[in-house]
Amino acid sequence: MSTMDFQNQQIPNSQTTQISPETPSNSAEKIIHKVNKNLAFTSKWAEVNGAMGDLGTYIPIVLALTLAKDLNLGTTLIFTGLYNIVTGVIYGVPMPVQPMKSIAAVAISDGSDFSIPEIMAAGICTGGILLVLGVTRLMQLAYKVIPLPVVRGIQLSQGLSFAMSAVKYIRKVQDFSKSKSKGDRPWLGLDGLVLAIVCACFIVIVNGAGEESDGEGESSCVAERPWARRRRRLREVIASLPSAFIVFILGVVLAFIRRPEVVKDVKFGPSSIAVVKITKHAWKQGFVKGTIPQLPLSVLNSVIAVCKLSSDLFPGKDFSATSVSVTVGLMNLVGCWFGAMPCCHGAGGLAGQYKFGGRSGGCVALLGAAKLVLGLVLGSSLVKILDQFPVGVLGVLLLFAGIELAMASRDMQSKEEAFVMLISTAVSLVGSGAALGFVCGIVVHVILKLRSFSGDWSCSTIRI
């Protein structure tokens, strides 16, 4: 009996001595496993295709800032590429990296008074505020408190804004350096209306309205006729085509055909990276003209709407508003000092990448690797190629991204919720901005709740 007790005492001791040395390696293995899981492709071509879903927003704004304000494109590509890779590793979904649109709009329209130092100051100030809101968990509180119909209203307005800009890109000739439309786009040509319409029809044929699966009922039939089997296989082949990737490659080819001598303008090697000197006047101008209009849009669309949309598109992968706010803040507190464009996440980019097949962090990591390579190999000379890219094709990609974002608002369960959502959307769309739309939505939501509460209270009083 004593021998048995001695053996029972010895076994746990031997187990503990074997397990304890493996603990660090197990934690390292867990991290490696999580990274591999977050970057794993669900479908190779679908993820490649999804990586193109955000370019309709990214390219026009970056090109406009490069042409109008001499933005360092090479530095921007390197830093945004790194941002893409890191966010893909952290979140495991196609979390986009987009330009801060309000800051870009002010920079393009404000002339020489708002140049690179002011742009970077605005990005740093916005990033610093978002970092503080995230670290103090105030952003998470706002995420929980803000009503869903108000968030959906902001998403709907942003989606419709993207779609309307896309139609403008398709119908009108654009001058991105001045952010203006020149005139009607010709029907024929390498950047004509016919080309844009053909690209749009091709994407609709391949992707449809964005259904997850087609023809499941047909494949489940026991006695499937030969013609039905051939039709189902044809639909599967068409649905597997990387439509956005094909359209983007077509645009690159046409860019070289439109101006073959652009090859001579390409210079190999990265752009020089230097710290941007920001004066006291630049800090003031950047905060007043850039940060103040950008901050409501960043809080609502880059953090809260992204968290809501990610929970809708990827059930089980709910990201805290704290972490998203912190990553946006850190991106700008690091990159803007070196002249990289102020960046944020965006519900429109997430919707666009999801629309075209992006399902994992590998989608944006792949896009980030491509940006990093282009930034290191071609640097700022890449702007010569982008300037020849067919704008109508960019408009097509942006159109579908906007529609996908707007469709997230279809889950309103009552007329009251839809009413609040549409109030927020209408006010946001007329040029007042997301901030005023948000305030109006909150006010209407509170009034309706008080009205409902007073009605219930009066009914209970009558019963008494």
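A residue counts as exposed when its relative accessible area is over 50%. In this predicted model, Asp70 has a relative accessibility of 64% and therefore counts as exposed. Asp70 lies in the loop between helix H4 (55-69) and helix H5 (73-91). Most residues other than glycine have a negative phi. Arg137 is a further non-glycine residue with a positive phi, near 65°. Arg137 is found in the loop between helix H7 (116-135) and H8.

The chain as a whole contains 22 helices and four strands. Of its 464 residues, 48% are buried. Contacts across the sequence were also examined. Among contacts with a separation of 6 or more, 83% join residues 24 or more positions apart.

Ala104 gives a local example of burial. This residue sits in helix H6 (residues 101-109). Its relative accessible area is 5%, and the cut-off for a buried residue is under 20%, so Ala104 is buried. Leaving aside residues up to four places away in sequence, Ala104 touches Ile61 and Leu65. Ile61 is 43 residues from Ala104 along the chain, yet their C-alpha atoms are separated by 7.0 Å.

Burial extends over a whole element in helix H17 (residues 347-355). Nine of the nine residues of H17 are buried, so the helix is largely enclosed by the rest of the structure. The buried set includes the glycines Gly348, Gly349 and Gly352. Gln353, Tyr354 and Lys355 are also among the buried residues of H17. Just after the helix, Gly357 takes a positive phi of about 115°.

Two helix pairs were examined for packing. Two packed helices are described by the angle between their axes and the distance between the axes. The crossing of H3 and H18 is right-handed. On the H3 side, the contact is made by Glu47, Val48, Gly50 and Ala51. H18 contributes Cys363, Leu366 and Leu367. By class, the residues of this contact of H3 with H18 are five nonpolar, one polar and one charged.

In the second pair, helix H8 (residues 138-145) packs against helix H15 (residues 280-313). The axes of H8 and H15 are 11 Å apart, at an angle of about 60°. H8 is therefore oblique to H15. H8 passes H15 in a right-handed crossing. Met139, Ala142 and Tyr143 form the H8 side of the contact. They meet Val299, Val303, Ile304, Cys307, Lys308 and Ser311 in H15. The contact of H8 with H15 comprises seven nonpolar residues, one polar and one charged.

Strand pairing was examined in E2 and E3. Strand E2 (residues 172-175) runs antiparallel to strand E3 (residues 180-184), and four bridges join them. Val173 stands opposite Gly183 in E3. E2 and E3 form a hairpin, with four residues between the strands. Within the turn, Ser179 has a positive phi of about 55°.

Definitions and conventions:
Residues are numbered from 1 along each chain as its sequence is written. This is a predicted model: local features need pLDDT of at least 70, side-chain atom pairs count only at pLDDT 80 or more; totals for chains, interfaces and linings use all residues. Side-chain values use heavy atoms; hydrogens and water are left out. A crossing is left-handed if the near helix is turned anticlockwise from the far one by less than a right angle, and right-handed if clockwise. Helices (H or I, at least four residues) and strands (E, at least two) are DSSP runs, numbered from the N terminus. Contact means heavy atoms within 4.5 Å. Ala, Val, Leu, Ile, Met, Phe, Trp, Tyr, Cys and Pro count as nonpolar, Asp, Glu, Lys and Arg as charged, and the others, Gly among them, as polar. Two strands pair if DSSP finds at least two bridges between them. Buried means under 20% relative accessible area, exposed over 50%, partly exposed in between (1.4 Å probe, protein chains only). Axes are lines fitted to C-alpha atoms, for helices over the stretch in contact, and angles run from 0 to 180 degrees between N-to-C directions. Angles under 35 degrees count as roughly parallel, over 145 as roughly antiparallel, 65 to 115 as roughly perpendicular and the rest as oblique.
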